[in-house]
2 protein chains.
Amino acid sequence: MSGDRGEDALVRIIRELTSRAAGRGAGVRVGIGDDCAVLEPSAGAALLAKTDLLLEDVHFRRRWAEPADIGWKAMAVNLSDIASMGGRPRWALVALAVPEDTSADEVVAFYEGALAVAGPHGVTIVGGDTSSSPAGWFVNVMLLGEAVGAPCLRSTARPGDTLAVTGALGRSAAGLAVLERGAAPGGVQAAQVADVTAAHLRPRPRVVEGAWLGAAGGVTAMMDVSDGIGIDLPRLLAESGAGARVDVDRLPIDAATRAVAAALGADATAWATGGGEDYELLLTCEPGAVERLRGGLAERFGTTLTVIGEIVAGAPAARWLSGGREVAVARGFEHFARPPAASGAGG
Amino acid sequence: MSGDRGEDALVRIIRELTSRAAGRGAGVRVGIGDDCAVLEPSAGAALLAKTDLLLEDVHFRRRWAEPADIGWKAMAVNLSDIASMGGRPRWALVALAVPEDTSADEVVAFYEGALAVAGPHGVTIVGGDTSSSPAGWFVNVMLLGEAVGAPCLRSTARPGDTLAVTGALGRSAAGLAVLERGAAPGGVQAAQVADVTAAHLRPRPRVVEGAWLGAAGGVTAMMDVSDGIGIDLPRLLAESGAGARVDVDRLPIDAATRAVAAALGADATAWATGGGEDYELLLTCEPGAVERLRGGLAERFGTTLTVIGEIVAGAPAARWLSGGREVAVARGFEHFARPPAASGAGG
């Protein structure tokens, strides 16, 4: 760390920043400053726990991601997992390793970004770890939440259920394509470019939607779309032991994504199935519940819910259909995989 | 990852390994495989949460640390934090980023190392994240525990309390010196070399001792010694708003550490105060309780407890005394600090 600051000084800055943001957070008996955080879970609630890594040059590039963006996204992706279970996020631990020449201001900006997305959901940062890094930024956020009722799992979809997704898909991939290119594509409105790059840098997890869906009744299974539905849906199917038919033509792709794809000569549908990082909620529900759920999301949160297919009996694989014919779709991102290839089975 | 394995295949291996190790862990409703782990906290227990980073070439070198050692240590350092609060460790989330050419066997060995130290304490690995890394191994373990009674904090030491430490100090630094040197020093018994290198590579956290101390009564404050008492003790003092007098001549340094120090021309006392990574418990207690605590630890666990000083009123700094005179001692490891220097105040 550049400047005359040691680790303890850094911890003091973080402690002050996080406690100012949260007051003394609800259910926090001891926060940053002792060996462990001491937390008070709600009586009878199930505890939800999730962790996600963000690494420089794997998940983001410093060329286009500011420290505040990194903090936002590291927190947002975990919030999305709590949301996908219908839970309430509560407490976060943030581990951060940065190169020695990182300034204290950059570290503060990172925490401010994390707090900007966590704070409105009542999440307190209660602990963490800091380290110097020999090579780039390494971030690991662990988020704890609670589910008062039964959490929405991946393993409980049933044949006959309707398959639906919130919001729009492919926006994050469109934003990434613009960021990697380094310049806005010609012929696309500035507002659309800003919209998709923000979707990539600062995704908005569906926390309030997830909590409402979990309590609304009729949802049979839910997960968030982090790697792209081309790879995430087969994960849900594998856990549930069922198949799915997906109508590719019904995948929700918004105008900004289509405009960027057209300008760059890219395939918006491939972004929607294989781009990942949209952090929308993929759910299955009783067929009779979908209109009620769609209406509730629209009315309360202005969030769309689009039916894209159905769960079917059989092998845990997805069939992707367009104009009634089976097609291959781009799969999502997978670490340690050979380069992604089109796959009809999606599994 | 080398070999024809993708991320999902890796997750399946980890899931199988961790569930075989733990059975269906107590309090685990949903483990690896869904968006979040779903856990069932004990009624009325406080939740303890801790996270620690381990980075290649910052915290260990692959030249001398095997994957199983890395897994062991990443888990052990978190177990030590739960122990220092007198808590019971329960559930772990493990985030791991490794270079693309890492074999699946190495990843399995890493988890086996983590399970080897976690399993005997009833800890289940319930989740995590895996990623490819552009530069070396990056490990972050989050551990959740529970405290049934009041957790032992850093902030509750009082003037007049006795200051004591379990086990021996400087062993890990002695082991590190041998490992970095690459060859055993001449004139030191092989068993002593093996003893100190094991202390560095596979520290044994004082989990059972911490739980017993937390329940025994008379302990007023407790923390674990992770960065060296030269820096950790001042942290306890800062939280408690009190000072300390430490008798440097009473610091527990064992024969193996002294033998390695003598052979390498190093200062065993500097290792004891500034080496860090011993993961012993530093505690304060009522003066009348120390003999009972010492006897209990010896009888139940064969673990020593050594009185090294006392808490005093005044500024939150340590005075280090040898032969009745104040001396400077080596401080512990601090990230982002200028190169460590001797410091009389230790703060």
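## Domain arrangement in chain A

The structure discussed here is a predicted model. Within it, chain A is divided into domain 1, covering 7-147, and domain 2, covering 162-326, and the C-alpha centres of domain 1 and domain 2 of chain A lie 26 Å apart.

Contact between these two domains of chain A involves 16 residues of domain 1 and 19 residues of domain 2. On the side of domain 1 of chain A that touches domain 2, the elements that give two or more residues are α2 (67-84) and β4 (88-98) of chain A, and α2(A) gives the most, with ten residues. By class, the residues on this side of domain 1 of chain A divide into eight nonpolar, four polar and four charged.

## Interface between chains A and B

Between the chains, 61 residues of chain B are in contact with 62 residues of chain A. The largest share of the side of chain B that touches chain A comes from strand β3 (residues 46-55) of chain B, which supplies nine residues. That side of chain B has 33 nonpolar, 13 polar and 15 charged residues.

Strand pairing also links the chains: strand β3 (residues 46-55) of chain A pairs with strand β2 (residues 37-39) of chain B in the antiparallel sense, over three bridges. Within this pairing, Ala49(A) has Ala37(B) in β2(B) as its bridge partner.

For Ala114(A), leaving aside its neighbours within four places in sequence, the residues in contact are Gly71(A), Trp72(A), Ala74(A), Met75(A), Val94(A) and Ile125(A).

## A buried strand in chain B

Why is strand β8 (residues 219-225) of chain B largely enclosed by the rest of the structure? Six of the seven residues of β8(B) are buried, and therefore the strand is largely enclosed by the rest of the structure; here a residue is taken as buried if 20 or more other C-beta atoms lie within 10 Å of its own.

The pairing of β8(B) is with strand β10 (residues 280-285) of chain B, to which it is joined by six bridges, the two strands running antiparallel.

Key: Residues numbered from 1 in each chain as written. Chains lettered and ligands numbered in written order. Predicted model: local features only at pLDDT ≥ 70, side-chain atom pairs only at ≥ 80, totals over all residues. Buried ≥ 20, exposed ≤ 12 C-beta atoms within 10 Å, placed from the backbone. Helix = DSSP H or I, 4+ residues; strand = E, 2+ residues; numbered from the N terminus. Pairing = 2+ DSSP bridges. Contact = placed C-beta atoms within 7 Å. Nonpolar A, V, L, I, M, F, W, Y, C, P; charged D, E, K, R; others polar. Domains from an automatic or database assignment.
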